[in-house]
Amino acid sequence: MKLQRMNRRALTLGALAVSGALALTACGSDDTGDKDGGKKSNAASKINCDGAKGQLMASGSSAQKNAIDAWVAQYRAACSDVQLNYKPDGSGAGITAFLQGQTAFAGSDSALKPEEIEKSKKVCKSSQAIDLPMVGGPIAVGYNVPGVDNLVLDAKTLADIFNDKIKTWDDKAIEKLNPDAKLPGTKIQASHRSDESGTTDNFTKYLKGAAPAAWPHEPGKSWVAKGGQSAQGSSGVAQLVKQTPGAISYMELSYAKEGIKTVDLKTGAKEPVKATVDNASKAIAESKTVGEGKDLALELNYKPTAEGAYPITLVTYEILCEKGNKKDTLATTKSFLTYIASEDGQAVLKDEGYAPIPTEINTKVRETIKGLS
C-alpha cells in the first residue's frame, strides 16, 4: 500500500529530479481524475493563493520530504501560478543555503544554534531567522530478536545497549523489563547511522535527557559512542536490523516496515508506550517554547509521565526571516506556510506517518506566519 501510494503521488506530481533536487511544480488542478480527486479539491478550495506566484526555492530536511510531497499535491491544485522547488539535501545543507540567501526557507530537524541565528542577521534585514515547528514524528527503535514479538526497554537500558555495556539479549536488565519473554543469549548488534543525521541528533538528545548518567556523550548529528555497526541513512540501518538476528537500531517510524518490530518504551507512565504518530504528538504537547520573541524553538520533555506520550520524537522546523524576507517570494512563502500550518495541512501528516504539531503550539505558528514581512 505504501508503494502504491508513492507511485500514485509520483504520477500526480510529475516530480522532476534535477541535480538531486526534488522539483515540485504547481500546474493547476489536474488531480481530479484519481480516486482522491474530490478530497483534494475540497482541501484546495480553502487555500488562499492571493499574491502567490512564480518560483519558490527551499531545501533542507529529508525527513519531511514525504510531508512536502503530500502538501504540494494539495497546494498545486489551488495555486496554479506557483512553482515550488524543495531540495531534500539534509538539515545542515538547507540551513547553509538559507544563510547564503539562496532559498526562501529551510527545513531542519534541529532548531537553529545561537551562532546560526547571529549569521542570519546578514540575510534578514533588520531582523533574524526564526524556527517554526511544522512536522512531528516518532523515532522508532527497531529490533530483530527471533521469538520475541513484544519488547519493553527504558532509557537507561537503551543507553547501556547503545553504549556497548549490555551485550546479550538475556541480560538481567532486559529480563527485568520483560519477565514473560523468552529472551535468547544472542549477541546484541547495535547499529547506528554512519552519516550526519538529525535522527541521530534527536535520538541521542533523548538518551542524554532521559538517562544522563548512563549516556555520557553529548548529543549530536554524528554518532560518537564506540562499538556497533553503522549504515548510511535510515534505510541502511533498517536493512541491517531486518537481515541481522540480534540487531537493534533507531529510525523514523516509516522505515520500520514489514519484518521490523519496534520497542515499547517504559516511561514515567503506568504502561509502556508504543511508537505511534498519536503518541508522539502527546509527547510534543509536553514541550516548552525556548526561542526568544517569535522564534518557536521547542525543548522536548524526555521524561513524560502522561499516559501514551512517546518521548523519542523528531520535530522539523521551517526556518525563515521574521522580517526582511525577499519581497518577490514573501507572498508565496506566507501562502504555502499558512496552508501547511492549517488544520487541513496538518491533517495530511498522519496519513504519511508523521505526527501533527499539537494545537496549542500550532496556534502560535499560525500567528507568527501572519506577521512575517
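**A loop asparagine**

I started with N144, which is buried at a relative accessible area of 16% (buried is under 20%, exposed over 50%, partly exposed in between, with a 1.4 Å probe and protein chains only). Housekeeping before going on: this is a predicted model, with residues numbered from 1 along each chain as its sequence is written, and local features need pLDDT of at least 70, side-chain atom pairs pLDDT 80 or more, while totals for chains, interfaces and linings use all residues. Side-chain values use heavy atoms, with hydrogens and water left out.

N144 sits in the loop between β6 and β7 (152–154); helices (H or I, at least four residues) and strands (E, at least two) are DSSP runs numbered from the N terminus. I then checked what N144 touches, skipping neighbours within four places in sequence: V241, K242, Q243, T244, P245, G246 and A247 (contact is heavy atoms within 4.5 Å). A polar atom of the N144 side chain lies 3.4 Å from the backbone oxygen of K242.

**Aromatic rings**

Next I looked for ring pairs, taking Phe, Tyr and Trp (its six-membered ring) with centres within 6.5 Å; planes under 30 degrees apart are stacked, over 60 edge-to-face, the rest tilted. By this rule I get ten aromatic pairs. One of them is F162 with F203, edge-to-face at 5.2 Å centre to centre and 75 degrees between the planes. F162 is in helix α6 (residues 155–162) and F203 in helix α8 (residues 198–210), so this pair ties together parts 41 residues apart in sequence. F162 is buried at 3% relative accessible area, and F203 is buried at 0%.

I also noted W215 and W223, a tilted pair at 5.6 Å centre to centre and 55 degrees between the planes. W215 is buried at 1%; W223 is buried too, at 14%.

**The largest pocket**

Last stop: which residues are closest to the centre of the largest pocket? The pocket has a volume of about 680 Å³, and of its 36 lining residues S62, A63, S234, E252 and Y255 are the closest to the centre. (Pocket: on a 1 Å grid over the protein atoms alone, an open set of points where a 1.4 Å probe fits, with protein on both sides within 12 Å along at least five of seven lines; lining residues have an atom within 4 Å of a point.) β6 gives the largest share of the lining, five residues. By class I get ten nonpolar, 17 polar and nine charged lining residues, with Asp, Glu, Lys and Arg as charged, Ala, Val, Leu, Ile, Met, Phe, Trp, Tyr, Cys and Pro as nonpolar, and the others, Gly among them, as polar.

Conventions
Grid points are joined across faces, edges and corners, and a volume is the space filled by probe spheres set on the points. A polar contact is a pair of N or O atoms within 3.5 Å; within protein, one must be able to donate a hydrogen and the other to accept it, and residues adjacent in sequence count only if both atoms are side-chain atoms.
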